[in-house]
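Please keep the sequence and the structure in view while reading.

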Amino acid sequence: MRRLIILLLVSVLALGFGVMRHMARDAEVAESRAIAMGIRSDTRRMPSQATSTDDPPLKRPNILLIVADDMGWRDVGYHGSEIRTPAIDELSRTGVALNRFYAHPSCSPTRAALMTGKSPLRLGIFDPLSKKNPTGLPLSETTLAKRLQKAGYQTALTGKWHLGPRNLNYHPNARGFDHFYGNLTGGVGYYDKVHGGGYDWQRNGETVREPGYTTHLIAREAMRVIEERDTERPLFLYVAFGAPHLPNEAPAATVASYSHIEDESRRYHAAMVTELDAAVGEIRESLRREGIENETLIWFMSDNGGLYPYNPLRFLPEPLLKIGVERRFGISATPLFVDFIRTNLRDGGADNRPFKGAKQSVQEGGVRVPSVIHWPATLGSAPFNQMATVQDVMPTLLQVAGIDGVPGDFDGRSLWPSLRTGAPIEPMDYLVTSNAFDMTALYRYPHKLVSMGGKLQLYNLETDPFEDDDLASQLPAIRDSMHESLTAFPRAQSIALPLQQIVDDPDYFGGTEDREPWAEQAYWPDS
């Protein structure tokens with residue numbers, strides 16, 4: 001019996017933590033499915049009908065890129081959530097909602113694609129980077145920030161980096177950002193600003209010890225950047241919130257406002273999303289006060305699907321959980337690492353319905369995320385129902401910025417012509433992987449091929465975005481062609497530390513300081 005339990009545990013872990021679905025009221029499910037299918041009766045408003053001022057937009061607009069962390073598909077009001085997100089909903093109502101927008105299953109891969117326009121598999125970034133990782137986003141890559149900086153943009157990042165924490169050559173200030181404020185690692189306590197035992201909050205390389213809730217601080221710094229910008233030059237501002245990533249922390253009054261939500265993790269998650277939404281509203285208000293809202297393109301997105309609640313594996317006795325983790329990942333699990341895994345199994349509060357899967361899964365719930373482009377004076381408002389990916393962001397923004405001579409080695413392409421006219425765009429292959437769970441998917445829209453433990457599944461996402469009807473045996477020619485492309489796709493050697501080193505010193509979010517702040521441990525490679 002014990003062996004059977006272990007085998008069952010290992011099998012479930014191989015599918016990724018937190019892919020269990022919870023039930024919903026019929027009306028809620030119907031609404032979520034309608035939104036996911038892109039069949040809501042939205043009315044297009046063209047720019048000539050949009051609210052605007054007499055001032056024409058800049059030839060090179062300001063660019064405000066806002067990224068949420070671990071926000072589920074149904075964590076926003078305009079997707080039918082019970083969470084209050086009026087600011088993001090307003091962006092969707094008056095902007096362009098990207099109804100088929102795809103990220104990668106976890107944070108560092110998505111951020112690498114965002115900064116390069118390339119697949120993170122080419123870059124050797126398959127999973128979240130550890131706090132001790134000695135490198136990061138390859139130095140051979142010219143980031144979006146660097147290209148915009150060279151074109152005359154002033155550039156700033158407030159919030160989370162997570163593309164190289166230790167070596168100063170990989171830090172934001174060395175990768176094209178004039179100004180950086182926030183954290184280098186994967187996630188900090190919202191109040192204590194600690195990650196994996198080290199304090200991680202800085203401004204341009206200098207540790208900043210200040211009280212406050214990180215979502216508020218990130219927004220406050222973003223508003224300061226806007227207000228103190230050089231008005232003669234366009235601004236690229238990247239606001240990378242830590243919310244609603246674990247740990248579950250939020251102001252007490254906001255948590256109390258969701259007292260009707262029975263599940264504690266969901267209640268805190270809702271509060272963190274609402275605080276993020278309020279911050280988005282405040283940043284947008286600062287654009288209005290400065291009189292530059294019509295001159296600013298806002299792009300909002302989540303970096304991956306949310307961490308799912310209600311995972312039954314959280315109730316397993318520690319010995320069984322330890323055995324399952326060790327068997328699955330081939331490591332020796334310390335009690336601290338087992339507790340870290342249990343925290344992730346227990347505390348997730350996102351809602352990815354109506355899709356299957358969650359963060360770290362290549363199922364739709366792990367990679368299809370909320371995203372909106374807002375520039376109504378130029379784009380008007382309408383749903384955008386063609387497939388778009390995080391790898392399209394950089395080439396799109398470079399075209400918007402009028403930067404000539406953009407190299408053609410992106411794995412994404414500019415969406416700008418289609419956003420402007422609604423013309424169809426030729427689908428591009430898009431590959432996502434969860435290295436930890438042996439899951440890979442290739443998108444050749446409308447088809448999606450999933451390789452899970454060597455087993456192939458094929459779906460038509462246009463008719464079946466919920467991955468219910470496996471067509472692999474019915475469409476062998478499409479299956480085999482896509483599998484050949486999936487197998488042949490170039491993969492660089494992983495830049496990650498050996499997993500056992502990460503296991504021995506887990507990347508805890510928040511907690512007690514037991515070492516120097518991370519900014520003070522950073523080094524130049526020749527020092």
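Predicted model: local features only at pLDDT ≥ 70, side-chain atom pairs only at ≥ 80, totals over all residues.

Helices, in the sense used here, are DSSP runs of H or I with at least four residues, and they are numbered from the N terminus. Which helix gives the most to the lining of the largest pocket? The answer is H11, with four residues, while H11 and helix H17 (499-504) each supply at least two residues of that lining. The space in this pocket comes to about 810 Å³, and 32 residues line it, with Asp-127, Pro-128, Phe-340, Gln-360 and Ala-436 lying nearest its centre.

On the H10 side the contact is made by Glu-318, Leu-321, Lys-322 and Val-325, and on the H11 side by Pro-335, Phe-337, Val-338, Ile-341, Arg-342 and Leu-345. Taken together, the residues of this contact divide into seven nonpolar, no polar and three charged.

Helix H3 (residues 86-94) and helix H9 (residues 264-289) have axes that come within 7 Å and cross at roughly 60°, which makes H3 oblique to H9. Pro-86, Ala-87, Ile-88, Glu-90, Leu-91 and Thr-94 of H3 meet Leu-276, Asp-277, Val-280, Gly-281 and Arg-284 of H9 in this contact, whose residues divide into six nonpolar, two polar and three charged.

Turning to the sheets, 10 strands form an open sheet of mixed pairing, in the order E9-E8-E5-E4-E10-E1-E11-E12-E2-E13. Its edge strands are E9 (206-207) and E13 (382-384), each of which pairs on one side only. Within this order, strand E5 (residues 179-183) runs antiparallel to strand E8 (residues 202-203), and two bridges join them; Tyr-181 has Arg-203 in E8 as its bridge partner. Helix H7 (residues 214-227) packs on the sheet and touches E4, E5, E8 and E10, its direction making about 175° with that of E10. Helix H4 (residues 107-116), for its part, lies across strand E1 (62-68), strand E4 (154-160), strand E10 (235-240) and strand E11 (296-302), and runs at about 175° to E10.

Another open sheet is formed by four strands with antiparallel pairing, in the order E15-E16-E17-E18. Strand E15 (430-434) and strand E18 (455-460) stand at its edges, and because each has a single partner strand, one side of each is left without a neighbour in the sheet. From one strand to the next the twist averages 15°. The antiparallel pairing of E15 with strand E16 (residues 439-444) extends over five bridges, and Val-432 stands opposite Ala-441 in E16. Helix H16 (residues 476-488) packs on this sheet, touching E15, E16, strand E17 (447-452) and E18, with its direction at about 115° to that of E16.

The structure holds four cavities of 30 Å³ or more, and the largest cavity has a volume of about 80 Å³. Among the residues that line the largest cavity are Lys-160, Asn-183, Trp-201, Thr-214, Ile-218, His-245 and Leu-246, and its lining as a whole divides into five nonpolar, six polar and one charged.

Leu-246 leads on to the backbone, for the peptide bond from Leu-246 to Pro-247 is cis, with omega near 5°, and Pro-247 has its place in the loop between E10 and helix H8 (252-256). A cis peptide bond also joins Arg-353 and Pro-354, where omega is about 10°; Pro-354 lies in the loop between H11 and helix H12 (364-367). Finally, His-162, found in the loop between E4 and E5, has a positive phi of about 65° although it is not a glycine.

Terms used: Residues numbered from 1 in each chain as written. Heavy atoms only, no water. Pairing = 2+ DSSP bridges. Axes fitted to C-alpha atoms, helices over the stretch in contact; angles between N-to-C directions. Contact = heavy atoms within 4.5 Å. Nonpolar A, V, L, I, M, F, W, Y, C, P; charged D, E, K, R; others polar. 1 Å grid on protein atoms, 1.4 Å probe; cavity = no way out; pocket = protein on both sides within 12 Å on 5 of 7 lines; lining within 4 Å. Points joined across faces, edges and corners; volume = space filled by probe spheres on them. Parallel < 35°, antiparallel > 145°, perpendicular 65-115°, else oblique.
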